[in-house]
Amino acid sequence: MDVSALLQRIQSRPDYGGQLQHVEVLPERSGRFAVPARPLPEPLVRLLAARGIEQLYCHQVAALEAARARQDLVVVTGTASGKTLCYNLPIIESALAEGGRALYLFPTKALAQDQLKGLLDLVATDEEVARAVRPGVYDGDTPTAQRRRIRGEANLVLSNPDMLHAAVLPYHPKWATFFSELRFVVVDEVHTYRGILGAHVSAVLRRLMRVCEHYGSRPVFLAASATIANPGELTSRLLGRDVTVIDDDGSPRGRKYFALWNPSPLGKDSLARRSANDDAVTWLVEALKAGGQALAFTRTRQAAELIHRYSREELAAEDSPLADKVRAYRGGYLPNERRQIEQDLFSGNLRGVAATNALELGIDIGTLDVALLVNYPGTIASSWQQAGRSGRRHDESLAVLLAGNDPVDQYLLRHPEYFFSQSPEHAVVDPDNPYVLAKHLPAAAFELPLKPEDDLERFGPLAPPIVGALNDQGVIANVKEQYYFAGGQNPAVGVSLRHMSDNTFSIVLIESGNHHQRAGASPPPARGFTDHTVIANVDAISAPELVYPEAVYLHNGETYLVRELDLLGKVAYIERRETDYYTQAVLESNVRITGERATNPGFQRSMLGYGDVDVAWQTVAFKKIKFATRENIGLGPVNIPAQNLQTTAVWLTPDDATRAEMKAAGMRASEGVVGLRNLAVVALPLVAMCDSRDLGGVVDSKNLGHTTMILYDRYPGGLGYSERGFANMAQLLDICLEMVRDCPCDDGCPSCVGLPNLRPAIHSDPDLTRGHPIPDKVATIRLLELLTGAAATRPAAAAAVLQA
């Protein structure tokens, strides 16, 4: 595709007014190849030749040699660099030579299905390889009869950590042959295993190694990661083993243009800009007309549906055949529909897709010409992951960041050098989290008796005291110096590895027949109808925001009216209804302190506390928003129960003297507390070994009568993160002060006080909300100086943590 011509096409439009603020050109790169020390077996050479592969990139050979040497490894190379071959080559070579088996772990079921398709396509070209390689997917969707065959016959099993945790390891005797012959374990998209999920997955992988050793095998771990700052450290902490990092990317890359686009201001209102969604429609349509294939990444499900709808309408108005070649892709679509979209995109039948980050992971959709990032994705790593979806090996490609009206987006557009010079974020995981270990050690004892001299060391230094506590509680029992699970049922079933609810609501389309009803009227009960079709699903956390009664649910760009939300049956009933509006949930959220476990009323000019909180969020009303114009044309009430998260939190309230001193200096303490909250959400992971997404943070005055920062664990019952914040608050404040002081900006930026706001609405149209203004940097610094007291004499501790 001729990117320069597309840029010129955009700039020659009548509505162009200088929105293209910066274009970074990343030069093309030639491929670098290498030859394995020992030739590949002839069937594998034939297999590669049938795929047009005559040479291997240097990183693929490096991975092959490390795997042959039985070294655990992690491959960190760009999108479309041939990472999949890095683990498939040694596995297929092993299957041909000795019939060894392999376990592939993917973070999502969709990714496992995509990789199965890729494996089947790969081996189908050679009969000898097809006989030796027998892959199968084993997940929650696998029929019971097929599961038995996969256990007995498949030598490449594709699954996910959740299935391994709850349905494979606890029943390992059924897998005895598989585990005894297991040679390799693939951990794909390893960068996703951070924070809470990473701590759980680390425990699951240790349980896996233990079961393998029981059957006499020691598999090699082959991991693959997107670009993050510390892939080796992350993988090593997950496995508890040293790993070889392979990051010398030998794949070729065509010239890539990365454009920063700022939608034009609306009239004289300096705070209002044209919608990034609208501009994304323009870019998508123009890219398609220029003969390109384009993908628009959105932050929310509703935005993906809207961009799809508007693009299709604009193309249809011109009688363009491209109108039928645009789709939306997001979570909630049924698996078959998602796979069809992926296949159509890969084959070129689809020319444009508006998607959420569900397509950010490595599902094979081919390589596209244009990637549109509609609003800043939130992290540098995600930005480059999404941008990497465009770009064939020798052709030019384009990525465009379309800024939203949030302060962070606007900062990045004003400072392009910041965006292009920032290194990707660190991924943090704590394999020794005592709360997580307390959930997995009973599962390990259920699988095999825990032996103090061998097993507990594998689970880290905190395992012995946790096992002692579990023994005292009667959860496990000590019999002849071995610990057995004392209950009857598999304890892994009650342990979720993820933040979000595992419960899923079905979205059921009802055919209303002769029953006519005007849109907006209260619907009669829907369950009396017999003609039902499940068209989508939604997780229990998101259902009250997307499918409340009288909501307009968008699916494939079409409008459906929600008739009923059955909370007990976990079903939302909808009917097809053409409307000229969509709906936006109005949410209320609050954090209520319910119990105090510890307090330090005289802590450094503030009151510091730790205890139990109830985090509640609820859809209380909805707005009717007219398509295209975004006019608010109505408001309706919603009467569904609040959702609650009982967890733990740490809170800090500046004392009267601190507030008075800031007021006398012409500053507001509340501004400083907001800035402190934004800093602390990023700084606490350095102290608590978690990920910033594991934490929630609010600034609140209802609980204690004064402006208070509350940081809570985003997990039922808490996982000790806020508790560590309470115990190490002095160090945390030092780190916050050093972060904000060292930042070279004048008024605050995304690297210090102006981090993305923690918005509760996660699926709605971002054009109808705006991020909070960047807090006052000077007020934040002054507050931290007052709270830390002799801050200037104590920077060393903070510097040590930051450098670590």
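Modeller: Axes are lines fitted to C-alpha atoms, for helices over the stretch in contact, and angles run from 0 to 180 degrees between N-to-C directions. Helices (H or I, at least four residues) and strands (E, at least two) are DSSP runs, numbered from the N terminus. The model is predicted: local features need pLDDT of at least 70, side-chain atom pairs count only at pLDDT 80 or more, and totals for chains, interfaces and linings use all residues. Residues are numbered from 1 along each chain as its sequence is written, and side-chain values use heavy atoms, with hydrogens and water left out.

Biologist: At what angle do helix 22 and helix 26 pack?

Modeller: Two packed helices are described by the angle between their axes and the distance between the axes. Here helix 22 (residues 656–664) and helix 26 (residues 777–788) pack at about 140°, with axes 11 Å apart. The two are therefore oblique to each other (under 35 degrees is roughly parallel, over 145 roughly antiparallel, 65 to 115 roughly perpendicular, the rest oblique).

Biologist: Which residues of helix 22 and helix 26 meet?

Modeller: Thr 658, Glu 661 and Met 662 of helix 22 meet Ala 779, Arg 782, Leu 783 and Leu 786 of helix 26, where contact means heavy atoms within 4.5 Å.

Biologist: What is the order of the open sheet of five strands?

Modeller: Strands of a sheet pair through backbone hydrogen bonds, either parallel or antiparallel. The order here is 22-21-25-24-23, with mixed pairing; two strands pair if DSSP finds at least two bridges between them. The twist averages 35° from one strand to the next. Strand 24 (residues 558–566) and strand 25 (residues 571–576) pair in the antiparallel sense over six bridges, and Val 562 stands opposite Ile 574 in strand 25.
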